[in-house]
Amino acid sequence: MKQKILLTGIKGFIGHHCYNYLKDEYDIIGIDNCSGLAHDEREVPYTHENLLTCKLPDVDVVLHLAAKAGVKESWVKLEDYYNSNVVVTKRIFDHYTKAKIVYASSSSVIDLMSPYAMTKAMCETMAPSNAIGMRFFTVYGPSSRPDMLYRMAMEDKLTYITQHQRDFTHINTLLPLIKAVIQKGKEGHVYEMGEGNPETVEQFLKRINYTKDVPFKEVTGESEYTCSKPFTI
């Protein structure tokens with residue numbers, strides 16, 4: 001019999017890729033409140049629910065990816081980020097005391113330069129002993145959010161770039177790492193998940209064959225540099 005997984009945020013960028021990657025091996029129940037950008041582009045089976053109030057199903061594993069994402073917007077929507085990222089996650093932690101919980105964190109917790117980063121750090125701090133954290137490092141790939149660098153480049157909508165260095169991580173690199181954590185991850189641990197190969201934004205754009213010239217812009221309130229540690233289970 002297949003293990004049963006609750007996948008929150010199943011219509012998100014990473015969530016829908018996880019569904020397609022795991023669906024043959026697991027019985028997946030997807031929940032999403034459809035508030036994320038481009039959710040309507042991603043065709044996956046799901047139930048439209050609010051995780052703050054809905055009845056939570058009995059499962060073997062919770063893959064908790066639902067969150068309000070984006071560093072910049074977190075400066076102006078503090079309450080929304082707190083409720084979506086902290087209050088919802090606390091409910092998941094409190095409800096699932098016997099299931100394995102695998103939850104999404106972020107590389108931004110390392111230097112805590114935004115309210116978004118702080119909400120993710122709070123989740124790591126309050127995580128119970130049966131939970132496993134995953135710090136994602138600048139994930140990109142098909143069907144990403146329209147406000148992310150990769151998609152903006154693909155759609156020729158870039159108006160500026162920054163001089164930050166990022167550990168740009170393709171979704172195809174991330175998916176087997178998530179599966180490994182579900183199957184063999186150590187409860188109570190937080191894993192960093194990236195390529196381990198930081199690039200400037202300019203280098204990244206050249207690598208994905210974006211050749212147009214766009215101006216540099218000084219942007220504050222974000223990490224200047226990110227690089228994941230080697231992933232080992």
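**Helices, strands and their angles**

Mentor: Helix 4 (residues 115-126) lies across strand 5 (100-106), strand 6 and strand 10, at about 155° to strand 5. This is a predicted model: local features need pLDDT of at least 70, side-chain atom pairs count only at pLDDT 80 or more, and totals for chains, interfaces and linings use all residues. Residues are numbered from 1 along each chain as its sequence is written, and side-chain values use heavy atoms, with hydrogens and water left out.

Trainee: What makes a run of residues a helix or a strand here?

Mentor: Both are DSSP runs, numbered from the N terminus: H or I over at least four residues for helices, E over at least two for strands.

Trainee: How do you know that strand 1 and strand 2 pair?

Mentor: Pairing takes at least two DSSP bridges. Strand 1 (residues 4-8) and strand 2 (residues 27-32) have five, in the parallel sense, so they pair. Lys4, for instance, has Asp27 in strand 2 as its bridge partner.

Trainee: And strand 2 with strand 3?

Mentor: Two bridges join these parallel strands. Ile31 is bridged to Thr47 in strand 3.

Trainee: What is the strand order of the open sheet?

Mentor: The order is 3-2-1-4-5-6-10, seven strands with parallel pairing. Strand 3 (47-48) and strand 10 (190-193) are the edges; each has a single partner strand, so one side of each lacks a neighbour in the sheet.

Trainee: Which hand does the crossover from strand 1 through helix 1 to strand 2 have?

Mentor: This β-α-β crossover is right-handed. With the strands pointing away from the viewer, the path from the first strand over the helix to the second runs clockwise.

Trainee: How is helix 1 oriented to helix 6: parallel or perpendicular?

Mentor: The axes of helix 1 and helix 6 (residues 171-184) come within 10 Å and cross at roughly 65°. That makes the two helices roughly perpendicular, a term for 65 to 115 degrees. Axes are lines fitted to C-alpha atoms over the stretch in contact, with angles from 0 to 180 degrees between N-to-C directions.

Trainee: Why is the crossing of helix 1 and helix 6 called right-handed?

Mentor: The crossing is right-handed because the near helix is turned clockwise from the far one by less than a right angle.

Trainee: Which residues of helix 1 meet helix 6?

Mentor: Phe13, Ile14, His17, Cys18, Tyr21 and Leu22 do. Contact means heavy atoms within 4.5 Å. Their partners include Leu174, Leu175 and Lys179. The contact residues divide into eleven nonpolar, one polar and one charged.

Definitions and conventions. Angles under 35 degrees count as roughly parallel, over 145 as roughly antiparallel, 65 to 115 as roughly perpendicular and the rest as oblique. Ala, Val, Leu, Ile, Met, Phe, Trp, Tyr, Cys and Pro count as nonpolar, Asp, Glu, Lys and Arg as charged, and the others, Gly among them, as polar.
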